[in-house]
Number of protein chains: 2
Amino acid sequence: MRSRTTLADVAKRAGVNVSTVSRSLNQETEGQVSKATVKKIRKIADEMAYSPNTVARGLRTRKSMTIGVIVPDLTNPIFPPIVRGVDSILFSRGYSALVVNTDNNAEIENALFDSLMERQVDGLIIATGHTERSMIAKYHNQGVKAVLVNREASGVPYPSVIGDDAAGIAAALEHLAALGHKKVLHLAGPTVLSTASVRSNAFTNSAKRLGLITKVVKATALSVSAGEIAMNKFLDANPKGVTAVLAGNDLLALGVFHALRKHGLRTPQDISVIGFNNMPFSEDFNPSLTTVSAPHFEMGVESARLLINQIEGKVTSPRKITLPVTLVIRESSGPVPKR
Amino acid sequence: MRSRTTLADVAKRAGVNVSTVSRSLNQETEGQVSKATVKKIRKIADEMAYSPNTVARGLRTRKSMTIGVIVPDLTNPIFPPIVRGVDSILFSRGYSALVVNTDNNAEIENALFDSLMERQVDGLIIATGHTERSMIAKYHNQGVKAVLVNREASGVPYPSVIGDDAAGIAAALEHLAALGHKKVLHLAGPTVLSTASVRSNAFTNSAKRLGLITKVVKATALSVSAGEIAMNKFLDANPKGVTAVLAGNDLLALGVFHALRKHGLRTPQDISVIGFNNMPFSEDFNPSLTTVSAPHFEMGVESARLLINQIEGKVTSPRKITLPVTLVIRESSGPVPKR
DNA sequence: TAAATTCGTGCAATCGATTGCAGGCTTTAT
DNA sequence: ATAAAGCCTGCAATCGATTGCACGAATTTA
């Protein structure tokens, strides 16, 4: 890389001290310099295509203008919208995002955390879902500013942004009940993941209120293959156990589709399926997936706002933002089959 | 953020100069310090949980250990795998990736480029597809190290990593020809995007070789909605014009599905559809999509390798890496309908 | 044994910004 | 007219590392 023009270069050409150049180019300090000088220096800086060295500035100001965004896996389609939401706010405020993937692995997460700290990130947006509090506690002990997104955060010392999972689950179950379903399976994710346990609890509560007969099975991960395996196992044991499945997320629901197909069952004629997230392309599945739509982009936006407020010491923002979700009814849910 | 322990802190506790600490902790320079001292300092540094300040180091060494990754849009599902491939290599070599989205907008791309330069990135991985050379030329003029990924790069001064699009298109057309198709439509992306124009040319060549009757229509973007709009228009004009469609990518193919459904046509009974990329979940579309599978993760891996070699001045690597692609036959392609 | 190396460590400059302090020059107030 | 206040600008320290150079001590060589 060719070396770029520095403050000193501009200063020399303008015949002034670097400090004057620095003050002239900075919004907050230009008042300390005469209008004429500011104008002259701005012009010269423009001509020389000066642009500040963020690294040098960061060293002096102890602010890197960089935010670490910790997600489990970017190839899970709910995360790109969150990241883009985060980015949209960060960029407009001059920050950049350093996105890292943990693959839900604590060891990797630790290494990534260290790497982010070495890079002097100004804060963290955490979208990983482990209920394990120790990691979060560690961050907090080190005085790290952070916001949690898309994960429950009760008892945790950070603000959070989540979708209204309980309301979403309730809406889904009401929809199934209205279609006449009485026996419903919840295919839950592993309870160590916070979204999984929240949705699982919501399922139990709502189902009881609606008087539904329920079963719950747990998948070992929030993935298509884990969903397929768990559902295959369930169907082998209880071929006619339920008329509907509420999955912990859309990936699990997709796994359910695969399992049902393998068992020769049709959706929704034999069994209805509902997912959660309304992830991209869920409308294009076969059949299109009834699911609870969560506002991932907005979640990213709000979490970035919260974090920046925290960093810049603005008024204390709400500790917890819950965004509304909506049930999107598509082909995969239908009336309970007639006997 | 609480301030972290610095070299000076360790030095004071060890009763030595910072330079000795620095040399002791660095792989390449520890030979300059006595074994005993190294051991003692390492121990103290460990106890004090010292970890280097990348910003300060970067200022001095003029290396930020950061790479800019420029993509059009992270929510396009082919990019997350590329990014993760890039990341897997970068992380293992101590680099971090700063991923930015241009939305195919030149103005935004310029602003992001400037921002990346200010952050002193050591190099760029460019996955945006504009055939526009000016931007790339500008990068090169500024002495920026870069690698292009998933885009044609002939006449451009940077190495590149691409899938073998021509072979993929050929395989797809041979498959259609074998199924008896004679009249095939190519739904191309906008020619300003390099992948679109490469595939379009490959289509024309292969089709001629196979003796197919062809039509080509261009969508205004590589997106589902652009594909749907273009295909609707085509079907309105030529209801029975072709028996198969080869789309420029999977998103366009999905748009074709939508348009066909709207026109009451079945896939593949009435019209076969083939996509390109084998993006995640294309196997779950309705019907599952026959498509050309491109190794996106590996493309990310190879591009990161190429870039690091370039940065670290290793042996000149090949200028262009072409990775093999494979046709994945699924439900959306079938025999030509009988009259 | 003396000279020449080698070894281990410290000193101080450097990377490119920001910023407290000081001082010269105007301007305003008395 | 003179003191007080304000306005500009420069000097120099600082952020936390890396690294060329120097120098005394230890080791090798002749």
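1. Helices here are DSSP runs of H or I with at least four residues, strands are runs of E with at least two, and both are numbered from the N terminus. The model is predicted.

2. Start with the cis peptides. In chain A, the bond between Thr267(A) and Pro268(A) is cis, with omega about 5°. Pro268(A) sits in the loop between helix H11 (250-262) and strand S9 (272-277) of chain A. Chain B has a cis bond from Thr267(B) to Pro268(B), with omega near 5°. Pro268(B) sits in the loop between helix H11 (250-262) and strand S9 (272-277) of chain B. Both sites deserve a look, because most peptide bonds are trans.

3. Two backbone angles in chain A also stand out. Asn278(A) is not a glycine, yet its phi is positive, about 55°. Phe281(A), also a residue other than glycine, has a positive phi near 75°. Most residues other than glycine have a negative phi. Asn278(A) lies in the loop between S9 and strand S10 (290-293) of chain A; Phe281(A) is in the loop between S9 and S10 of chain A. The cut-off for buried is 20 or more.

4. The same surface serves both copies, and 100% of the contact residues of chain A recur in chain B.

5. At the interface, 40 residues of chain A are in contact with 40 residues of chain B. On the chain A side, the elements giving two or more residues are H4, helix H5 (79-92), strand S2 (96-101) and helix H6 (106-118). By class, that side has 19 nonpolar, 13 polar and eight charged residues.

6. Chain A is assigned domain 1 (7-52), domain 2 (63-163 + 296-323) and domain 3 (165-294). The C-alpha centres of domain 1 and domain 3 of chain A are separated by 62 Å.

7. DNA strand D is surrounded by 25 residues, the closest being Ser19(A), Thr6(B), Ser19(B), Ser22(B) and Ala56(B). Helix H2 (18-25) and helix H4 (54-61) of chain A, and helix H2 (18-25) and helix H4 (54-61) of chain B, each supply at least two residues. At DNA strand D, H4(B) gives the most, with five residues.

8. Val21(A) belongs to helix H2 of chain A. It is buried, because 27 other C-beta atoms lie within 10 Å. Beyond four places in sequence, Val21(A) touches Leu7(A), Val10(A), Ala11(A), Ala14(A), Val16(A) and Ile41(A).

9. The largest nonpolar core has 92 residues; Val69(A), Ile125(A), Val69(B) and Ile125(B) touch the most other members. Leaving aside neighbours within four places in sequence, the contacts of Val69(B) are Val83(B), Val86(B), Ala97(B), Leu98(B), Val99(B) and Ile125(B).

Definitions and conventions: Residues numbered from 1 in each chain as written. Chains lettered and ligands numbered in written order. Predicted model: local features only at pLDDT ≥ 70, side-chain atom pairs only at ≥ 80, totals over all residues. Contact = placed C-beta atoms within 7 Å. Domains from an automatic or database assignment. Near = placed C-beta within 6 Å. Buried ≥ 20, exposed ≤ 12 C-beta atoms within 10 Å, placed from the backbone. Nonpolar A, V, L, I, M, F, W, Y, C, P; charged D, E, K, R; others polar. Core = buried A, V, L, I, M, F, W, Y, C linked by C-beta atoms within 7 Å.
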